[in-house]
Amino acid sequence: MSQFETVIGLEVHLQLSTKTKIFCSCANQYGCPPNTNVCPVCLGLPGSLPVLNHQALLYGITAGLALNAQINPFIKFDRKNYYYPDLPKGYQISQYDYPVAKDGFLKIKSGGQEKRIGIKRAHLEEDAGKLVHDNMFGCSLVDYNRTGTPLIEIVTEPDLRSPQEAYDYLNTLKLTLQYLGVSDCDMEKGSLRCDANVSIRPIGQSALGTKTELKNMNSFRAVKMALEYEVRRHEQTITSGGKIFQETLLWNDEKAMTITMRSKEQAHDYRYFPDPDLVPFAIDQSVIEQVRKQLPELPQDKFLRFLSQYGLSEYDANMLVADRGIADFFEAAVKEYPHAKKIANWMAGPVLMELNDRKISINELKITPQGLVALIARVEEGLVSNLAGKDVLTAMLNGGKTADEIIKDKGLAQVSDDSALFEIIDEVIAQNPTVVEQIKSGKPQAAGFLVGQAMKKSGGRANPKKLNELITRRIADV
Amino acid sequence: MSISKEDVKYVAALARMDVPEDKLEGFTRNLGDIVHYVEQLQKLDVEHVKPTSHAVPVGNVFRQDVVKASLTHNQALSVAVEAKDGCFKVPLVIE
């Protein structure tokens, strides 16, 4: 058992899904050819003036409310000054002492325990451009399309006590923001980025140890690994009599270790001051209440409602709630066909498997809740077997045909017609006299073998329940 | 508050300016004079003055979230000192 306690705080940057940038009318769009979504404002050309995107502020308020934070009645923007080629103005427009939201919390579940993680603040700012380093030609190339993309930076209190907790917090935060629809939270596209502060202290000590700041983690898994690495390094350094220096470290995913940044990049003196180009904003209580009214049901509330309203297991509820699209699809299906557990089984099982196989989201599936329900109803009626039902689902997703059309086209309907089944059964009985004798002499379980044989003869289309019933009846008659 | 040569070097470094050694003395004096001049404000009693960030009595100026045309790619790059692969070319920032 370690004699140290780990203390972690996270800073998460999220790109907001507005149509335009935060201070100009350029499209906020990922994946365009370099320098095609730029204008005098985001290029920082002299004489240009930034004007705040109303939607970006509303998204900021939305996120703040969902994080149980206080929305500042007065906010302003400040200049954070530093030189780097991805920042054409020589300063980033950010918020210093009057951020959009402060003093909130997010409830997370970690190791089966619920825990409240304090949110210190959430502020709006603009993203910087994208730099590509070309070592061969000894130059760096800048694409300013990303410049001016609206960001919200969400800063926790140092409340996280392990890399696993940090990981769980990130997943909860991401899901919450996805539910709000304010960001797609896609780390691969860079729309969610995370920096971490970590320190350790002897258990029982209240003063914080010296922290290091970790950057350059490209996934939640990388955040966790970087933190685990850094906690180990702090422990080893301190127990062997060394000292931790406050510095910024870069995570190297390939080498799985943290690396010191060059000192020249560390001189932080941002000289914040109010941006005179942007007037301040008074946020009326009525605006806050209006946004609050429009907040969607958040994942944790939905989870609890799914348990009580539909009697789902925690596992199923978790699977469904993990994606708002899936949860919405599920509820639309339940409206059509009031068998929530059966639908949940299909969603958490075959449907999720198809989504994973195809690497697509539920909205891209070629199937409606009505379509899925029609299939489930056929399986429940016994028209097709459970197994065949899964094949029908796959075919539905491939071709966009209805369940009934596919069942008919592929001849998948189970044969439940007595006379057709008796034909098969009589054959099987004639071919297996010894088994029949066993059954007659009081071993009814031997009938299973005959059911299997009959099933084979039917090409898998016979209804097994019906077969069992008819075989037992026939043998009793003979 | 007096300004030292080190202060001048620090501010120059933040501004990415080269200050030749023989100019340092003069800049230090000039900057000191400016700061000293502004220092007069310290004598004012501002106890009843509300902190203010902006001098213009205007607030809540918004833009609706509607896309408008950006510059063309060529227009954008026309202000670049050098361009390469559709990007602004700058000296290598990471070795």
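In this predicted model, 38 residues of chain A are in contact with 33 residues of chain B. The side of chain B that touches chain A comprises 18 nonpolar, eight polar and seven charged residues.

- Three elements of chain B each supply at least two residues of the side that touches chain A: strand E1 (62–63), helix H3 (73–77) and strand E3 (87–91).
- E3(B) provides the largest share of that side, namely five residues.
- Strand pairing also links the two chains: strand E2 (residues 52–53) of chain A pairs with E1(B) in the parallel sense, over two bridges.
- Within E1(B), B:Phe62 is the residue that A:Leu52 stands opposite.

**Helix packing within chain A**

- Helix H7 (residues 324–336) of chain A packs with helix H9 (residues 369–381) of chain A; their axes are 8 Å apart and the angle is about 55 degrees.
- Angles from 65 to 115 degrees count as roughly perpendicular and those under 35 degrees as roughly parallel; H7(A) and H9(A) are therefore oblique to each other.
- The two helices, H7(A) and H9(A), cross in a right-handed manner.
- On the H7(A) side, the contact is made by A:Phe329, A:Ala332, A:Ala333 and A:Glu336, while H9(A) contributes A:Pro369, A:Gln370, A:Leu372 and A:Val373.
- By class, the residues of the contact of H7(A) with H9(A) are six nonpolar, one polar and one charged.

How values were computed. Residues are numbered from 1 along each chain as its sequence is written. Chains are lettered from A and ligands numbered from 1 in the order in which they are written. This is a predicted model: local features need pLDDT of at least 70, side-chain atom pairs count only at pLDDT 80 or more; totals for chains, interfaces and linings use all residues. Axes are lines fitted to C-alpha atoms, for helices over the stretch in contact, and angles run from 0 to 180 degrees between N-to-C directions. Helices (H or I, at least four residues) and strands (E, at least two) are DSSP runs, numbered from the N terminus. Angles under 35 degrees count as roughly parallel, over 145 as roughly antiparallel, 65 to 115 as roughly perpendicular and the rest as oblique. A crossing is left-handed if the near helix is turned anticlockwise from the far one by less than a right angle, and right-handed if clockwise. Two residues are in contact if their C-beta atoms, placed from the backbone, lie within 7 Å. Ala, Val, Leu, Ile, Met, Phe, Trp, Tyr, Cys and Pro count as nonpolar, Asp, Glu, Lys and Arg as charged, and the others, Gly among them, as polar. Two strands pair if DSSP finds at least two bridges between them.
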